[in-house]
Amino acid sequence: MPTRQRRGESAWAAPLMRSASAGAAFRPNRLLKQMLVLGLGFATSGLAAAAIAQTPAAPAASPVAQSGPPSPATPRETPRSGAAKPGDPLAAIDWLATPAPDAGLPGTVLLEPPVAGSARRPEVTVTPLASLVAPIGLVKPASTGLPVDLWRGSNAEALATLLASVPVRKSPAMQSLMFTLLLSETRPPVEGGERLLLARLDRLMDLGAPDPAQALAEQAGPTRSKARFKRWFDATLLTGDEQQACSALQDRPHLAPDYASRIFCAARLGDWPTAALLLEAAHALELVDSRQLDLLDRFLNPDVFEDAPPLRAPKSPDPLTFRLYETIGERRPTSNLPRAFAAADLRDIAGWKAQLEAAERLTRIGALNPNHLLGLYTERSPAASGGIWDRVAALQRFETALETGSAEAVSKTLPKVWRAMQTAQIETAFADLFADQLARIPLDGQAANLAWRIRLLAPTYETASHSPPPSQGRSGFVAAVAQGVPTQELARNGVEQAIAAAFASDSAAPRKLQRLLDNGQLGESILRAMQLFAQGADGNLGDLTDSLATFRAVGLEDTARRAALQLLLLDHR
């Protein structure tokens, strides 16, 4: 009858017990020594003791006898020195005190010195949990000058609120700083990191930058949560890269923002039967709004609705609705839609006028490289006159004058093109493009004064400040700001006095912001300083001083100078 393994016995011990019960030749000394050499620790376990107690002593069998029937018992050999005596504990066996013969194997565990006394203590390195979180961003800290732990110590919800609410429309310097904060490679807080990431993506879309938002979402992992995928999907719909997002949605349908997106993506990937089936289910179960159902019907069955009247345009379409209208040939204008939709007009499918208007709108908020705008301005000759066509014509004539190198031609075209740039509120972009070329043209009179003010709005403002034109009347204070040394003696009004106070040698960040800096909350202090600057630009001169002083205290000297110069030189702001 098979021997049943008792509860608590090891699997490798069961054959051993069966062999003993069957009366087979069994050598506990040799077998247990081998087990100990292999690190099994059999001799020290209760199971080993039980096995020895149940096994009768057997003589050593010769090689021939091992294959035959058991040999009769022989007289017990005389015990060796150290052998077990009557009454001794079962574990006190002679071979436990005798080293195993050297067979080329390592010694048994019982012969090793105590581990606690012989092991070398490892060097323990303590790493803060926050440093284990991977940083997220598109620009390296070495390029932005901001540390990777920019958001350390701050509450993620408070940071998200600030990122969403800090106004930057009136100041190009604040716009540039906001984009730097949003795109810099930074490590999120230990708690609330997801909330902060979503706030960064939302503000990028709000500023009209779906391309950076798409890239940031892709770096962070857009399929790790439904909220991330929703923002990534919206960005790709406006940039024209929805193929990648739809492929990801096909593999993970649970990430779909809504039922309409699944229908759109199925059709976008060429799976028309699935798209039609989903649409029928949406009709039957009323899973999609009736207006969007009509739109999806025309998207999937364009031949059926070929002669149907256009659909009523929604006032506030989401990116998917906007893209569906575009697909069925009823493209909506983006001038009254959020800025992010303007990026869709930069594609070749839009007309030149739509591209120009979108480019001006995005350049005004700092979301578009000025070179892109220049490329559109000079792409072809103006098609008409008035409005944006006058700005295109003025810039093209000015660029032609620059290429000739004629001071007279530049003097004639510069005032007109500058007024056109003021109308579009893209003066700083114009300065970035043409400041260096203007510096090489020997101008005089009003043209020289205007060229110098334009150069002060460019990144090379400090170089320009050292060569003011002779006829520039109020050049002293502006030049001093560009050099970072404005004084109260040069100031002529309240705004200039507030700026001079911020650049004084004894200026410091306000107490509230200094506490944040002392706690290492650099990112939050910068955002709150930006908030103060917006209030200062609206007339609260004390906030203006505090904000500029804070920028200088954290090392953002260039931001402080450019913000002050723009406040002084951009009158319409």
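The largest nonpolar core here has 150 residues. A nonpolar core is a set of buried Ala, Val, Leu, Ile, Met, Phe, Trp, Tyr and Cys residues joined through side-chain atoms within 4.5 Å, and buried means under 20% relative accessible area (1.4 Å probe, protein chains only). This is a predicted model, where local features need pLDDT of at least 70 and side-chain atom pairs count only at pLDDT 80 or more, while totals for chains, interfaces and linings use all residues. Residues are numbered from 1 along each chain as its sequence is written, and side-chain values use heavy atoms, with hydrogens and water left out.

**The core**
- Leu 414, Phe 430, Leu 527, Met 530, Leu 548 and Phe 551 touch the most other members of that core.
- Skipping residues up to four places away in sequence, Phe 551 touches Met 174, Leu 177, Ile 526, Ala 529, Met 530, Phe 533, Leu 556, Glu 557 and Ala 560; contact means heavy atoms within 4.5 Å.

**Helix α17**
- Helices are DSSP runs (H or I, at least four residues), numbered from the N terminus.
- Among the buried residues of α17 are Trp 352, Leu 356, Glu 360 and Arg 361.
- The cover over the buried residues of α17 includes α16, α18, α19, α20 and α21.
- After α17 comes Gly 366, with a positive phi near 85 degrees.

**Arg 391 and its helix**
- Look for Arg 391 in helix α19.
- Arg 391 counts as buried because its relative accessibility is 14%.
- Arg 391 and Met 421 sit 30 residues apart in sequence, yet their C-alpha atoms are 7.4 Å apart in space.
- Leaving out neighbours within four places in sequence, Arg 391 is in contact with Glu 360, Tyr 377, Ala 420, Thr 423 and Ala 424.
- α19 packs on α20 at an angle of about 145 degrees, with axes 8 Å apart; axes are lines fitted to C-alpha atoms over the stretch in contact, and angles run from 0 to 180 degrees between N-to-C directions.

**The α12 and α13 pair**
- Helix α12 (259-268) packs against helix α13 (272-285) at about 160 degrees, with their axes 7 Å apart.
- That makes the two helices roughly antiparallel, a label for angles over 145 degrees.
- Residues making this contact include Tyr 259 and Ile 263 of α12, plus Trp 272 and Leu 278 of α13.

Notes: Buried < 20%, exposed > 50% of the residue type's maximum accessible area, 1.4 Å probe, protein only. Parallel < 35°, antiparallel > 145°, perpendicular 65-115°, else oblique.
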